[in-house]
Amino acid sequence: WIAAAAGAARACVAELNVALPDAVRSDVLGGVDVTVVAEVERPPVLVSGVSVDAVFEQIAAEAVRYVAPGASLQVGPGALGQALVDALDVPVAFDSGIATDALVDLDARGLLVGEPSATYLSGTERLYDWADGRSLLRGIGEEHTRASDRGVVAVNGALAIDTLGQVAIDGPDARTVFGIGGHADYAYAASRSPAGLSIVAVPSRRRGRPTLVDHLTVPVSTPRSIVDVLVTELGSVDLRGLSDQERSTAIASLFE
């Protein structure tokens, strides 16, 4: 939101942090009169990589069947995104809210097509060093709203899903785990794009509790109308065009 805030302000002063990777387009503050008042050298926060267990490997192996060569891929951070990249064997473009070390892995394997695009960087020094000098970061107002133009295949997780396919990414007992973010934005863009697809991929159980519930006890993060495909470690179902009863039956087949 920095560019929007700077553009709307009467005056803009900045602290220049020379230890951050230079990964934003040079015109991101075009037309804004910026006064640099201090220069610091404060390294970015390091976020360690994630471990991928057998369940997420099974989920990813099922989900990648829906990713065609050359597709524009959006994945969330965490085990699901890492597992999906590990399972890919076709070249893809990368168009996501958060870029992690998984993006570097994709490039290292020769499977990255074109210039990647993201809103945030979150990873280790390996990611920050790789991103330095690449103009890959865009503001939320641009990145989250242009996805439908590029046929994005969006693969996102969830903490709970109900029998009709409504998704919750907040934690149990009203605890916010993920909060409002790009989940719904990318799911909507992917489901509405002629060449896109909105996939929600979840383990059938999480910490011993079923992921599938009769009724969500927290607010709906992503409505059922923008969930095209559901994946668990037990398989996948295409929910497009199904009635409520058909959806419920199909969804139930993927849970223990």
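Predicted model: local features only at pLDDT ≥ 70, side-chain atom pairs only at ≥ 80, totals over all residues.

Me: What joins the side chains of D162 and Q166, and why is it called that?
Reply: A polar contact of 2.5 Å joins them. The cut-off for such a pair of N or O atoms is 3.5 Å, so 2.5 Å qualifies.

Me: Where is D162 found, and what is D162 in contact with?
Reply: D162 is found in strand β8. Leaving aside neighbours within four places in sequence, its contacts are L212, V213, D214, L216 and I251.

Me: How do strands β8 and β13 pair?
Reply: β8 (residues 160–162) and β13 pair in the parallel sense over two bridges. Pairing requires at least two bridges, so they qualify. I161 stands opposite L212 in β13.

Me: In what order do the three strands of the open sheet come, and why is one side of β9 and of β13 left without a neighbour?
Reply: The order is β9-β8-β13, with mixed pairing. β9 (167–168) and β13 (212–213) stand at the edges and each has a single partner strand, so one side of each lacks a neighbour in the sheet.

Me: Why does R109 count as partly exposed?
Reply: Its relative accessibility is 39%. Buried means under 20% and exposed over 50%, so R109 falls in between. R109 lies in the loop between α4 (101–108) and β6 (120–121), and touches V85, D86 and L88, not counting residues up to four places away in sequence.

Note on methods: Residues numbered from 1 in each chain as written. Heavy atoms only, no water. Helix = DSSP H or I, 4+ residues; strand = E, 2+ residues; numbered from the N terminus. Buried < 20%, exposed > 50% of the residue type's maximum accessible area, 1.4 Å probe, protein only. Contact = heavy atoms within 4.5 Å. Polar contact = N/O pair within 3.5 Å; in protein donor to acceptor, adjacent residues only side chain to side chain.
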